[in-house]
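Me: Could you walk me through reading this structure, one feature at a time? I would like the general idea first and then the case at hand.

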Amino acid sequence: MSSGDSISLKGSTRTITEFFEYSINSILYERGIYPSEDFTVVKKYDLPLLKTHDEELKQYIRKILIQVHKWILGKKCTKLVLCIIDKDTGDVVERWAFDILKMDYDNENGDDEDKDMASVKIDPQETQKQIRSLIRQITASVTFLPELTNEGNYTFNVLAYTDAYAKIPLNWGDSSSKEIENGENVQFKSFETEDYKVGAQVSYKQSR
Amino acid sequence: MDDESDISGGSSPFLDSPDAFVPQPEQQSQENNPQPEVTAEPTNIEEETVPSLEPLVNKDRQVSSLEYELRTIKNKFELERLQSQRQFNQLQTKYKKSLEELDTALDDAKFLHGENYRLVSELETIQSENQITGNKKDSCLQDLENKLRERDEQIKELNYEKESKNSKLQDELTNLKTEKENVDDLVKRYNNEILRQANDINQLSRTLKEKDDELLQLKNSKIINSHPNYDTEEFQELSTMNKLFKEQSQYCKELEEINLKQANELKKYRNTEDSSSFWKQENEKLELKVQQLESLEKNYEDAQVELLGLKSKLTEYNIFTEELKGRDMFHIQPQDVINELELLKKENLVLIDENSKLNINMSNMKILNEELALERTQLLNINKDYENNIINLKKLNYELEQQKVLSFEECKLLRKQLEDLDNFTSNSINDNKEIPVRDNEMNDLIENYKNRTDELTGELKKLNQQMLESQEEDVQFAKKRKIKDTTGMTYYSQRINELQLENSKLNRDLQKYQNLNRLLETKLMKLINLKEKKIRIVELRDNPLAKDQFIKKKKLTLLQQENRELLSQLQSDENVQAVPISVYESLNFDLKQQEQEIFKANKKFARLKEVFNKKSLEFIDVVNSILGFKLEFRPDNKVKIYSCYKPNKHMVVDLRRNTLDSNLEIDNWDQLLQTWIEERDSIPCFLATLTLQLWEASRS
């Protein structure tokens, strides 16, 4: 990998990590997992977005994203999942999944088509536009998602899908996939960087 | 086979055709016989025309020459006949040879057919044996299935019984639980009551102490005074106090009685608790018993299976002993039986070996059969070729015969021509008058020649037709034979061979594909395992959910501990006045949780306050920017007012004293105050005037 590619990969990873930070914050705010006064408005992607200023939560998200950043750089992370869980029953009520697809343009064994695509540079502005569109979709999804009735009694958890041979720090442990059985799935838009394609989808229980 | 030989003998065209051919030259020769008569005609004419000696001599010469000619022709004919006979003999020998070869081939085919038939019959017997064993196996399986079904039913019944027992026990357990809960509630209530009463007692003891103190004081005062000088009031007080003491002591007694009663009730409840724990233990015991029963059931099933095996063995042994009895009625020793068994085992081994050998032989025979089938088909093909060759040779022979006949005819004609030419040359010199006669003769000769050639061509056509007919007959006969062959067993045997070959090929293919399938399945499993291993799902150990779960778990364990200790304390000592440490711990934990909640609430409040302050400041800023004054509310009921045109100076409004001071250094301050506030009573106008003046001052 040349230095140019490395810079591009780092840039792509930063973009993705940043997107995760804002999307997690947005979801936690929109779904009322944390009180609205814990969030402040910041301008990002030409959008007014909400970001927590609760130190504990900030620290938790930062810890996750630093590790996820490392994994994405090492091409070891394929998916990030945010689960919203009912504290009383322990049921997963919503599952927000972000797929991270590595675009193997530099693969020597790849098709000619891929090689052609390698020459296509993705404009950062275009990526920003796609992210904006995706975040708008996430924000708008509140309209169709079922109401979380047991207000203030929900918590969340972030799962990372990694390669089996990835280096896992000691403060990380194995978890179940926390899938929602017979859940309704809604696929959102995706965005592309020069190295990755990130898709999003939410699954939720049909009737609560 | 006799029929076949007859057919083959009769069908052979070699026997008929040479006979058909042989008479032809004779016929022709017979037909040719009149020719000398035709050729003799001119001599008769000569005899009539020249009645002298010379003609007689000529006649004699002619006769002798004719005789000579006849002899030579006869000789030639004999030679030709002999040659043709020899050729015929040669062809016959060839034909016989080919027939013999055909017979041997047929014999081989017959042998092969017989072998095949035998093998087929063997196969059938083996198949029938296999079927019988299969049927036996099926019946055995059926029996075993029936038994299994019976066992299943028994198990089901036992399960039902077990479930009913379990449900009964569970009902009892739930009843006991509800009882226990009630008891717990009552215990709680009584505990509360006890606590309340203990408090009352404490209070009363405290008052008692106070009274004791008072008494002591009084006693002291009595000692000090030495001369008691009670007033009536003091007496009254003392009497009331005495009364109070008595009442309190009475109350204490009553409380003690109540306490005793409650203790009795507690005892009762403890007894009920004991009974509930006893029932629980009983339930556990029963569950253990049920488990044991299940294991016993399994053991029973195993034993049944074993028993069945032993029974079968016993029946075998009985059969065997009966057989032995048949042979030797009186002297059956166990040793004999063992020896016999060993011998039978050995025999069995030998038979197994033989069976395997036979199997191998069978497979070899099958292979041989396949090879023979192939050879047979090859032989049939060779036979067909051979027959075709014979037919071709016959055709050739026939053509040669025809050519021979034609050459004979040509020879005759040429001789005749030569004779005529000789006659013509001898007579042409003598007589010119005879020319027209000779012309006539020549014409006749030509006509005869023409007729003869026509006849010969007609005969040739006839012969050709006959030949074609005979060929058609041959072809038809051959077809019939083929049909007969195909309708016979040979066709079926060939077909069976082909089918066997195809079957073996298909079996091989099947085996190959099954192996391939197995290989692919294992590969697929490996791939699936690999894929499963590839992804790992991880979470941060210190996550909000885990925290929440941890708190809940801790609370639960603390409560359990508390409950356990309280129960043990109640059971151990009834009149204890202390609480276990776990109660303190759980309360402490609750307190901590509450603190956390308070902390959160405070945080929330602070955040709300921040937001409020922020918004207030925003509001103040907006107001300041519009009105031109900044207000600062001080805690001592004073409000500082800063003008935007002189921010370093200010006015102070004392709301308590209702005063307005300023360090703005305005010359007409008192006048403005007088005009706008005292006279016109309008602070806004005063402030507006002040603002205007300050603005002008700032501009200047």
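Predicted model: local features only at pLDDT ≥ 70, side-chain atom pairs only at ≥ 80, totals over all residues.

Me: Let's start with a serine: does Ser26(A) count as buried or exposed, and what is its relative accessibility?

Reply: Ser26(A) counts as buried, because its relative accessibility is 6% and the cut-off for buried is under 20%. This serine is placed in helix H1 of chain A. Setting aside neighbours within four places in sequence, Ser26(A) makes contact with Leu49(A) and Leu50(A).

Me: How do I read an aromatic pair, and how many are there over all chains?

Reply: A pair of aromatic rings is described by the distance of the centres and the angle of the planes. Over all chains, the structure holds 14 aromatic pairs. Take Phe19(A) and Phe191(A): the ring centres are 4.8 Å apart and the planes stand at 70 degrees, so this pair is edge-to-face. Phe19(A) belongs to helix H1 (residues 3-30) of chain A and Phe191(A) to strand E7 (residues 184-192) of chain A, so the pair ties together parts that lie 172 residues apart in sequence. Both phenylalanines are buried.

Me: Which residues do ring pairs link into a cluster with Phe19(A) and Phe191(A)?

Reply: Phe20(A) and Phe98(A) are linked with them by ring pairs into a cluster.

Me: What does a tilted pair look like, say Tyr190(B) with Tyr269(B)?

Reply: Here the two centres are 6.4 Å apart, with 35 degrees between the planes. Tyr190(B) sits in helix H5 (residues 53-225) of chain B and Tyr269(B) in helix H6 (residues 232-327) of chain B, so to speak distant parts of the chain, 79 residues apart. Tyr190(B) is buried, with a relative accessible area of 17%.

Me: Where does a charged end sit over a ring?

Reply: In chain A, the charged end of Lys102(A) is placed over the ring of Tyr196(A), 5.2 Å from the centre. In chain B, Lys512(B) lies over the face of Tyr513(B), and the distance to the ring centre is 5.6 Å.

Me: How should I read two packed helices, and what angle do H12(B) and H13(B) make?

Reply: Two packed helices are described by the angle between their axes and the distance between the axes. Helix H12 (residues 669-679) of chain B and helix H13 (residues 683-699) of chain B have axes that come within 8 Å and cross at roughly 145 degrees. Their crossing is right-handed. On the H12(B) side, the contact includes Trp669(B), Leu672(B) and Trp676(B), while H13(B) contributes residues including Ile683(B), Phe686(B) and Leu690(B).

Me: Which residue other than glycine has a positive phi in chain A, for example near 55 degrees?

Reply: That is Asn182(A). This asparagine lies in the loop between strand E6 (172-174) and E7 of chain A, and is exposed, with a relative accessible area of 67%. Asn658(B) is found in the loop between strand E4 (646-654) and strand E5 (659-662) of chain B. With a relative accessible area of 71%, Asn658(B) is exposed.

Me: Stepping back, how many helices and strands does chain B have?

Reply: Chain B has 13 helices and five strands. Of its 700 residues, 19% are buried. The accessible surface of chain B is about 53700 Å², and carbon and sulfur atoms account for 56% of that. Among contacts in chain B between residues at least 6 apart in sequence, 62% join residues at least 24 apart.

Note on methods:
Residues numbered from 1 in each chain as written. Chains lettered and ligands numbered in written order. Heavy atoms only, no water. Helix = DSSP H or I, 4+ residues; strand = E, 2+ residues; numbered from the N terminus. Buried < 20%, exposed > 50% of the residue type's maximum accessible area, 1.4 Å probe, protein only. Contact = heavy atoms within 4.5 Å. Areas by Shrake-Rupley, 256 points an atom, 1.4 Å probe, with all protein chains shown as cover. Phe/Tyr/Trp six-rings, centres within 6.5 Å; stacked < 30°, edge-to-face > 60°. Lys NZ or Arg CZ within 6 Å of the ring centre and 35° of its normal. Axes fitted to C-alpha atoms, helices over the stretch in contact; angles between N-to-C directions. Left-handed = near helix turned anticlockwise from the far one by under 90°.
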